[in-house]
Amino acid sequence: NYWAANVGNLAECNAPLFTYIKDLAHHGAKTAEVVYGCKGWTAHTTANVWGYTPASSTIIWGLFPMAGSWIASHLWTQYEFTQDKQYLAETAYPLLKGNAQFILDFLAKDPKSGYLMTGPSISPENWFRTAGGEEMVASMMPACDRELAYEILSNCVRASEILDTDREFADSLRTALAQLPPIQLRANGAIREWFEDFEEAHPNHRHTTHLLSLYPYSQITLDKTPELAQAAAKTIEKRLAAKDWEDTEWSRANMICFYARLKDSEKAYSSVKQLLGKLSRENMFTVSPAGIAGAGEDIFAFDGNTAGAAGMAEMLLQSHDNCIELLSCLPEEWKNGSFKGLCARGGIEIDASWKNARIENTVFKATAATEFILRLPNAEAYRWKLNKKTFIPKKNADGSIQIKMNVDDCITIILI
């Protein structure tokens, strides 16, 4: 529900979420201690504003102690986009540290592989089939747990470096990170959803939690991990091709986000059309259709609206791994257009206009001191101005542009 907040220039809308996470951490400390015998805090899937943080109801969605890590990852995203060190020190880092403490205590060494693992846990709402034919849900270190643990621990290390604090604790996190299992492939070349290469009991399932590593995180990217990116694409294709795939508003919005990261503009745009078509109603609210997951009628679900917006923004602007790329997944139908006020990681607000899929004019406004790489084809075909003064940008060996800006700097790039 908050994926669109930062890229959509609505960072202030995260404030109620962070207040909620602070409350979860308070109550979740008791759950961590009493249920798991761990330090820090955790919260499960059906946590709420009344301080409920333990497992609930059925195991299929209730036994997910890494749900607190999932929601806590927004704390780091806010810093990535705003570069607000006071917020990092006073709000984000204490909460991230508490969750990292839980993860450290929750991890256990697998005697067979030697890896540190969470568990028992689930890949939310999905089932696997054992060699004996039984349908099961709980296992040790499902892929989503590994990805969430990696995200929280690594971001907590970065925060400690930025704030120059808790060096010994950061070292303990680095040690744990080195012992996490890698993202693994199935025999069919797709991303494993569970640590073991279990058969999918429901290959048409709407959930793809094991692809958090592709989006919203950047543990899988086309540049860093091309083999895993190819495996992620295969994972998506197999889900979509499965008979009676559970096509809901948020599962379809996920496809926009995934294909944006894979830079497959045709498939991303196809999912945009389907989200705005059969999965939306006259008021533009997205729905989970009747008949899926036992629903007797269409259910309005806001996450399709917000995740869909985030995915469309991702098609126009990507900024993970300290690299900004414009029009990175531009479909033919959007070959002419513009946007204003989208935000990139590093504290940058961007306006851009293009024609025939080529940037004609773009403006970068720095809300914080920042340094990043910009990918802009044929950079020499543009006039570059920093605070209205012409300059020649520094070009890297791979053709990308190295940019350094101070707070309130403004760079204008105009096609000559």
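Colleague: How many residues of α9 are buried?

Modeller: Residues count as buried under 20% relative accessible area, as exposed over 50%, and as partly exposed in between, with a 1.4 Å probe and protein chains only. In α9, 13 of the 13 residues are buried, so the helix is largely enclosed by the rest of the structure. Please keep in mind that this is a predicted model, in which local features need pLDDT of at least 70 and side-chain atom pairs count only at pLDDT 80 or more, while totals for chains, interfaces and linings use all residues. Residues are numbered from 1 along each chain as its sequence is written, and side-chain values use heavy atoms, with hydrogens and water left out.

Colleague: What should the 13 residues of helix α9 span?

Modeller: Helices (H or I, at least four residues) and strands (E, at least two) are DSSP runs numbered from the N terminus, and the expected span of a helix is 1.5 Å times one less than its number of residues. For α9, residues 249-261, that rule gives 18 Å, and the end C-alpha atoms are 19 Å apart, which agrees. Just after α9, K263 takes a positive phi of about 60°.

Colleague: What radius of gyration does the chain have, and what would a compact globule have?

Modeller: The radius of gyration is taken over C-alpha atoms, and the globule rule is 2.2 Å times the number of residues to the power 0.38. With 416 residues, a compact globule would come near 22 Å, and the chain has 22 Å, which agrees. The chain holds eleven helices and 18 strands, and buried residues make up 53% of its 416 residues.

Colleague: Which residues is D23 in contact with, leaving aside its neighbours within four places in sequence?

Modeller: Contact means heavy atoms within 4.5 Å. With those neighbours left aside, D23 is in contact with V49 and G51. D23 lies in helix α2, residues 15-36, and is partly exposed, with a relative accessible area of 27%.

Colleague: Which residues form a nonpolar patch on the surface?

Modeller: Accessible areas come from the Shrake-Rupley method with a 1.4 Å probe, and for residues only the protein chains shown count as cover. Here F285, F300 and F302 form such a patch, with about 310 Å² of accessible area together. F285 lies in the loop between α10 (265-276) and β6 (287-288), and is partly exposed, with a relative accessible area of 39%.

Notes:
Patches are made of residues with over 30% relative accessible area and no salt bridge: like charges are joined within 9 Å, nonpolar side chains (Val, Leu, Ile, Met, Phe, Trp, Tyr) within 5 Å. A salt bridge is a side-chain nitrogen of Lys or Arg within 4 Å of a carboxyl oxygen of Asp or Glu.
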